Amino acid sequence: MALLIQPYTLSGESLLGYLYRSAFVNHYKHMGVLFKLFGIPRGLDISLLSHQVIERISSYTGLDCETLTSLSLNTLEREIHDKAIFHKILYKRGLKYCPACLRNTPHHRLAWNFEVIDICLEHRIQLLNSCFCGKKVNYKDLIKSTCECGHDLCDVPICNVRNNTVIESQRKLLELIMNPSQTTSFSNLSLSNGIQLIFASLYLVDGMKSHLINVKQVVERTKKESLSSGALLIEKIAMVNWMYTNFPINFKSVLEDFISREKGTQKFWKKTQFEQLLMQNDFSEINEAYQQFWIEQLTKGNRRRVLRVISSRHIEVDEEVSNSPIIRQQSFNETKHKNNRITLIEASLMLGLDRLYVRKLVNVGYLEPMIHQGKRYVKIESLLDLIVRCRGAIIVEHTQRITIREILMRYPGLGLSVISLIGLILEGKLTPASRRPNSSFNDITFDIQEVAELIDNRKKDCMNNQFSIPLNY
Ligand SMILES: [Zn+2]
Ligand SMILES: [Zn+2]
């Protein structure tokens with residue numbers, strides 16, 4: 001069976017738009033009749049149609065299945081394995097349209113289906129979703145290019161988009177969505193990963209001032225009103241696009257802006273959202289630059305609170321002989337082992353930690369205190385025991401490993417401290433390793449993945465009990 005009138009498809013038309021148009025020219029009053037014919041079940045996500053349905057549509061319309069599929073979102077859905085990401089791209093609050101396109105030919109375009117694309121690249125105007133009267137448009141309105149109120153949809157106030165940065169980022173993104181099997185320009189990411197990257201990065205650019213990238217005034221506002229959510233989104237997407245060009249220079253500028261702009265739990269939350277992305281292997285290049293950024297921040301001294309944590313004091317002695325706790329400990333043993341005690345300063349030097357932390361280690365019971373003639377000491381065996389336990393195995397390869405200092409720097413806001421990390425080692429929750437048997441605390445490293453998992457669990461705990469997040473930024 002075939003439809004009496006079998007319309008041709010029009011340039012850039014969407015499958016659903018085509019079906020509505022077919023119904024319209026064949027004088028079907030309700031789409032339900034046609035949907036029944038095609039075997040489209042009610043309530044189905046009609047942007048996606050099974051091959052069976054496409055075959056039926058083909059038999060009614062005379063168009064081959066390949067053509068029909070090219071009008072649908074099936075290819076896009078197939079390329080994006082993660083359904084959640086696929087649905088993130090789609091516009092779900094009705095239909096969008098370009099009044100200038102409707103003037104050319106009144107039909108619904110496939111490119112109007114996306115949340116992340118909010119401009120018509122041909123006419124450089126912002127897409128609309130309602131008539132001048134305020135009513136949201138439907139397929140019928142678009143096919144007739146007239147609203148139910150009688151208003152001509154080609155004749156509505158438009159917003160010109162003049163910003164090239166925004167236009168270019170929208171063009172790049174639309175090309176990608178329309179050709180989903182290609183890889184993105186950045187790091188050869190798949191479309192799926194590219195979309196994930198965009199959505200995760202939005203947390204970092206959210207609230208970013210435009211001094212880095214001039215994208216404000218995305219649309220020329222016809223009325224004195226605030227930017228629509230669509231305009232805001234494409235502005236932010238343009239910022240994200242800029243963020244990953246000239247990598248990693250712009251990326252680091254955004255991070256710098258982020259840490260100076262955001263505060264407290266909000267900062268922690270946004271940072272956590274972004275970091276979830278970095279846990280995936282596909283983003284290793286970005287993860288590397290991200291880690292590098294925080295290390296640079298540390299050396300710049302931007303995080304003094306963390307810097308203070310581990311004493312950078314070095315003992316002015318021969319590196320080979322004495323700049324190691326064990327060797328020093330041996331010399332201590334020779335001179336003082338009868339006393340079985342050392343001073344807090346000596347303990348601090350042996351551990352490579354600030355004296356403040358030696359006291360804390362005593363307070364929490366990791367070191368055994370001694371009082372001798374009214375002076376405070378630490379039992380040398382307890383110190384030796386602590387050093388050996390925290391040193392872990394001796395390994396040569398320390399890539400993909402992270403030091404105590406780096407952990408504190410990378411994961412602020414979780415209440416981590418030198419003492420709590422030592423506690424985690426002693427509890428067996430962190431596995432330490434060192435380069436040499438005589439390493440100081442500065443040189444102990446941990447597997448990045450192990451730390452990331454531990455931190456992940458800790459964040460979940462923090463999230464479940466929001467009040468436990470310390471506000472120590
Ligand atoms: Zn247009
Ligand atoms: Zn209207």
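This is a predicted model: local features need pLDDT of at least 70, side-chain atom pairs count only at pLDDT 80 or more; totals for chains, interfaces and linings use all residues.
In strand 5, tyrosine 377 is the bridge partner of threonine 343. Strand 5 covers residues 375–379 and is joined to strand 3 by three bridges, the two strands running antiparallel.

These two strands belong to an open sheet of three strands, arranged in the order 3-5-4 with antiparallel pairing. Strands of a sheet pair through backbone hydrogen bonds, in either a parallel or an antiparallel manner. At the edges of this sheet lie strand 3 (341–343) and strand 4 (369–372), each of which pairs on one side only. From one strand to the next, the twist averages 50°. Helix 19, formed by residues 380–391, packs on the sheet and touches strand 3 and strand 5. The direction of helix 19 makes about 45° with that of strand 5.

Helix 10 spans residues 191–205 and helix 11 spans residues 229–243; they pack at an angle of about 100°, and their axes are 9 Å apart. Angles of 65 to 115 degrees count as roughly perpendicular, and helix 10 and helix 11 are therefore roughly perpendicular to each other. On the side of helix 10, the residues that meet helix 11 are Ile198, Ser201, Leu202 and Val205. Their counterparts in helix 11 are Lys236, Ile237, Met239, Val240 and Met243. Sorted by class, this contact of helix 10 with helix 11 comprises seven nonpolar residues, one polar residue and one charged residue.

How values were computed. Residues are numbered from 1 along each chain as its sequence is written. Chains are lettered from A and ligands numbered from 1 in the order in which they are written. Axes are lines fitted to C-alpha atoms, for helices over the stretch in contact, and angles run from 0 to 180 degrees between N-to-C directions. Helices (H or I, at least four residues) and strands (E, at least two) are DSSP runs, numbered from the N terminus. Angles under 35 degrees count as roughly parallel, over 145 as roughly antiparallel, 65 to 115 as roughly perpendicular and the rest as oblique. Two residues are in contact if their C-beta atoms, placed from the backbone, lie within 7 Å. Ala, Val, Leu, Ile, Met, Phe, Trp, Tyr, Cys and Pro count as nonpolar, Asp, Glu, Lys and Arg as charged, and the others, Gly among them, as polar. Two strands pair if DSSP finds at least two bridges between them.
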